[in-house]
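Hello,

Below is the structure I said I would pass on. My notes on its salt bridges follow.

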Number of protein chains: 2
Amino acid sequence: MSDAQAALNRRPAEKEGEERHEAIYRAVSDAIVEQRLKPGARLREDALADVFGISRTGIRKILQRLALEQLVTLTPRRGASVTRPTAEEAKDVFDARQLIECGLMPDVACRIGASEAAELREMAHQERQALRSGKQSMAIRLSADFHVRLAQLSGNATLAEFVERLCSRSSLILAVYGHRGHLGCESHDHDDLIGYLEAGNGERAKAFMSRHLKAIAASLSMVEEGEALPDLSQVFRNYTSQ
Amino acid sequence: MSDAQAALNRRPAEKEGEERHEAIYRAVSDAIVEQRLKPGARLREDALADVFGISRTGIRKILQRLALEQLVTLTPRRGASVTRPTAEEAKDVFDARQLIECGLMPDVACRIGASEAAELREMAHQERQALRSGKQSMAIRLSADFHVRLAQLSGNATLAEFVERLCSRSSLILAVYGHRGHLGCESHDHDDLIGYLEAGNGERAKAFMSRHLKAIAASLSMVEEGEALPDLSQVFRNYTSQ
DNA sequence: ATGCTATTTATTGTATACAGTAATTCCATC
DNA sequence: GATGGAATTACTGTATACAATAAATAGCAT
């Protein structure tokens, strides 16, 4: 009753509906990228609808968008859950980043100006600060934001969008295969990179980005963990030994 | 082959709903890529729902997916229409193809085998045949399919998906900026490319692909046409002559 | 006749109701 | 006590109804 009335009261909302949807999308997306929603976590439509105060219709739309970006997996009659990337997907994503992000460095080096460099330095600064003050979730997202902003500076919106998706998925990959406490990006790498770019040295920036991404990929422990199967295999060992 | 047979054989009446959605998505997507639905064409939800015999709910889902792939644009209260790419988007798309597809050639050259090469040759053959028999729509799609299949052979599913999206958008770009009767890909380019790949010459294939894509991009006439403005300018000419 | 306003119409946006399916629990049986 | 099966439950899939808005049209005034 009071729910219905409240819903009616805050229901004039002409254009707010759209912005609200976008805000909810961002909220869920950020939660996933920041690893506050961990891979495998179920995302029930009812629950999300209750939390955000819209109907399941709107939630489904958002969930589908996230599914197309491969942040959530939508299994036919089982609903949505945060995707748990496979080792193969992880390899693909980092290979793709290697190809695209490195390939963009020369363009970025050409187009970067003083104000853009300053903006990037500010982002790198915030990232380091978040890391120092233990705000790991924020640091993860800021690191991804840095890479995305970099790609945007290339001037190619299409490739920038690809990089955005790859970075989001990378957060998921780090959540599953990364060592605890070790984030993807070393603190000073980003600053060094800005230096090369600002100097207009695209090739050097490209090589540096390549090493940077290789280092992240190398830091992952590429073992896929089964869910409840490990226990079962232990049982099997006991039986086969007899 | 085995896929098609399997698809035909399994007829559990319940699951058809899903496959039906996929089929409808394919139908609309193909119609756009094959330029039977031209840029700017409106896609009313009711009309599509009637044609395919499902409710608007399902249509909306499909429309949103197409919007995320940038094949249709979804303007807030005006509905869906086939997107009309801007000149800038066209440049971005072909630059992206240059970076990604060329970058994949060495990998493809490494992984390609006799059967894959034969499959590609068959596709190139069908494409030529469609072109000869005047089936332009089919030829356009087959050409895109060739590029996509090539990317899939790299083994990187993520990048292959990107290429798929870029090729779809390229069809749209050709529809708007391409010269009449001149399709993107020259008939023998694809065969030559297969030759280099089968010989394991990744670098040569890469260079060839680069020229191939540059040739397509160069064949476009990059003038953006306003909608109803041309008529207006004609009127202006008549008036100014008096 | 033209321009402005009001009404109607066409079309999308959102919620909700209902149906169908997988998961769970409980009971009976071995 | 465990296992198989039936009833219940919880959740998603789909359609439909209703609300809201922009486009189209008609009517009115100047």
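A:Glu198 has a relative accessible area of 40% and is partly exposed (buried is under 20% relative accessible area, exposed over 50%, partly exposed in between, with a 1.4 Å probe and protein chains only). This is a predicted model, in which local features need pLDDT of at least 70, side-chain atom pairs count only at pLDDT 80 or more, and totals for chains, interfaces and linings use all residues. Residues are numbered from 1 along each chain as its sequence is written, chains are lettered from A and ligands numbered from 1 in the order in which they are written, and side-chain values use heavy atoms, with hydrogens and water left out.

A:Glu198 forms a salt bridge with A:Arg121, with 2.7 Å between the closest N and O atoms (a salt bridge is a side-chain nitrogen of Lys or Arg within 4 Å of a carboxyl oxygen of Asp or Glu). A:Glu198 is in helix α9 and A:Arg121 in helix α6, so the pair ties together parts 77 residues apart in sequence (helices are DSSP runs of H or I, at least four residues, numbered from the N terminus). A:Arg121 is partly exposed as well, at 34%.

Another salt bridge, at 3.2 Å from N to O, is formed by B:Arg165 and A:Glu161. Each of these residues lies in helix α8 of its own chain, so the pair joins two chains. B:Arg165 is buried, at 9%, while A:Glu161 is partly exposed, at 24%.

In chain A, salt bridges also link A:Glu34, A:Arg36, A:Arg141 and A:Asp145 in a network. Over all chains, the count is 26 salt bridges.

Regards
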